[in-house]
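This briefing is intended for a reader who has the model open alongside the text. Please keep the sequence at hand while reading.

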Amino acid sequence: MVEIIKRGQPKGERVHDITCRYCDSELRFREHEAKITHDQREGDFMTITCPVCKGSLTKVYHP
Ligand SMILES: [Zn+2]
């Protein structure tokens, strides 16, 4: 039987908090709800749409 030494989380299930920079709403989203962009120069980032003001928000993504 496989023993769990430290429980992790599937990557798509990781939760992130973000404050909308357009309307100050505090939001929480799971990674699978974000669009992940892989950028060679800028690094990877996630994009979500604020449900309040429809603003486009980005946050750094750590694979
Ligand atoms: Zn907003």
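This is a predicted model: local features need pLDDT of at least 70, side-chain atom pairs count only at pLDDT 80 or more; totals for chains, interfaces and linings use all residues.

Residues are numbered from 1 along each chain as its sequence is written, and side-chain values use heavy atoms, with hydrogens and water left out.

**The zinc site**

- Cys20, Cys23, Cys50 and Cys53 coordinate the zinc ion through their SG atoms at 2.3 Å; donors are N, O and S atoms within 2.8 Å of the metal (3.2 Å for Na, K and Ca).
- The angles among the four donor atoms are 106 to 114 degrees, and the site is tetrahedral (for four donors, all angles between 85 and 135 degrees).
- Ideal angles for four tetrahedral donors are 109.5 degrees.
- Along the chain, the donors of the zinc ion follow the spacing C-x2-C-x26-C-x2-C.
- Cysteine 20 is buried, with a relative accessible area of 1%, whereas cysteine 23 is partly exposed at 29%; buried means under 20% relative accessible area, exposed over 50%, and partly exposed in between (1.4 Å probe, protein chains only).

**Salt bridges**

- There are three salt bridges, each being a side-chain nitrogen of Lys or Arg within 4 Å of a carboxyl oxygen of Asp or Glu.
- Arginine 30 and glutamate 13 form a salt bridge with an N to O distance of 3.6 Å.
- This pair links distant parts of the chain, 17 residues apart: arginine 30 is in strand β2 (residues 26–30) and glutamate 13 in the segment before β1; strands (E, at least two residues) are DSSP runs, numbered from the N terminus.
- Arginine 14 pairs with glutamate 31 in a salt bridge, their closest N and O atoms being 2.9 Å apart.
- Arginine 14 is partly exposed at 22% relative accessibility, while glutamate 31 is buried at 2%.
- The salt bridge between arginine 28 and aspartate 17 has an N to O distance of 2.5 Å.
- Arginine 28 lies in strand β2 and aspartate 17 in strand β1, so this pair ties together parts 11 residues apart in sequence.

**Histidine 16**

- Histidine 16 lies in strand β1 (residues 15–19) and counts as buried at 15% relative accessibility.
- The side chains of histidine 16 and glutamate 31 are joined by a polar contact of 2.8 Å; a polar contact is a pair of N or O atoms within 3.5 Å, where within protein one must be able to donate a hydrogen and the other to accept it, and residues adjacent in sequence count only if both atoms are side-chain atoms.

How values were computed:
Helices (H or I, at least four residues) and strands (E, at least two) are DSSP runs, numbered from the N terminus. Four donors count as tetrahedral if all angles lie between 85 and 135 degrees; four count as square planar and six as octahedral if opposite donors are over 155 degrees apart and all others between 65 and 115; anything else is irregular.
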